[in-house]
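Me: I would like to learn how to read a model like this one, feature by feature. Please give the general idea before each case.

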Amino acid sequence: MARFTEKYVRTDSQWVKITRDNQDKTFTFARGYEGQYQAKEIQTLSFKWVANWKEAIEKANRTIETYA
């Protein structure tokens with residue numbers, strides 16, 4: 001299994017890049033704005049708090065809704 005896997009959640013004005021690190025057992029959420037390549041906010045959570053991809057995508061959607 002690859003160490004890192006990534007998924008993106010996008011809207012018209014924002015994006016969240018979700019990176020799963022299987023070795024360190026963490027999910028990292030990087031949030032930014034459309035047209036910008038650098039994240040404005042980065043948060044790393046262990047598998048204890050975000051257990052799988054479904055929960056990670058739900059968290060990304062909630063993050064986007066919070067800053068919409």
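Reply: Start with secondary structure: helices (H or I, at least four residues) and strands (E, at least two) are DSSP runs, numbered from the N terminus. Ile42, for instance, lies in strand S4, residues 41–46. This is a predicted model, in which local features need pLDDT of at least 70, side-chain atom pairs count only at pLDDT 80 or more, and totals for chains, interfaces and linings use all residues. Residues are numbered from 1 along each chain as its sequence is written, and side-chain values use heavy atoms, with hydrogens and water left out.

Me: How many helices and strands are there in the protein, and in which pattern along the sequence?
Reply: The protein has one helix and four strands. Their order along the sequence is β-β-β-β-α.

Me: What does the radius of gyration say about the protein?
Reply: The radius is taken over C-alpha atoms, and the globule rule to compare with is 2.2 Å times the number of residues to the power 0.38. Here the radius of gyration is 12 Å, close to the 11 Å that the rule gives for 68 residues, so the protein is as compact as a globular protein of that length. Along the principal axes, the C-alpha atoms fill a box of roughly 30 × 20 × 15 Å.

Me: What is the confidence of the prediction?
Reply: pLDDT is the predictor's confidence in each residue, from 0 to 100. Where pLDDT is low, the predicted coordinates should not be read in detail. The mean for this protein is 94, and 99% of its residues reach 70 or more. Confidence is lowest in helix H1 (residues 53–66), at a mean of 94, and highest in S2, at 97.

Me: Is Ile42 buried or exposed?
Reply: Buried means under 20% relative accessible area, exposed over 50%, and partly exposed in between (1.4 Å probe, protein chains only). Ile42 has 60% relative accessibility and therefore counts as exposed. Across the protein, buried residues make up 35% of the 68 residues.

Me: Which residues does Ile42 touch?
Reply: A contact means heavy atoms within 4.5 Å. Not counting residues up to four places away in sequence, Ile42 touches Thr28, Phe29 and Ala30.

Me: Where does Phe27 lie, and is Phe27 buried or exposed?
Reply: Phe27 lies in strand S3. Its relative accessible area is 0%, so Phe27 is buried. Leaving aside neighbours within four places in sequence, its contacts include Ile18, Leu45, Phe47, Val50, Trp53 and Ala56. Phe27 and Trp53 are 26 residues apart in sequence and 9.0 Å apart from C-alpha to C-alpha.

Me: What does Ala56 contact?
Reply: Ala56 lies in helix H1 and, at 0% relative accessibility, counts as buried. Beyond its neighbours within four places in sequence, Ala56 is in contact with Ile18, Phe27, Phe29 and Val50. Trp15 is 41 residues from Ala56 in sequence, and their C-alpha atoms are 14 Å apart.

Me: What should I note about Lys25?
Reply: Look at the backbone angle phi. In Lys25 phi is near 60°, a positive value in a residue other than glycine. Lys25 is found in the loop between strand S2 (14–21) and strand S3 (26–33).
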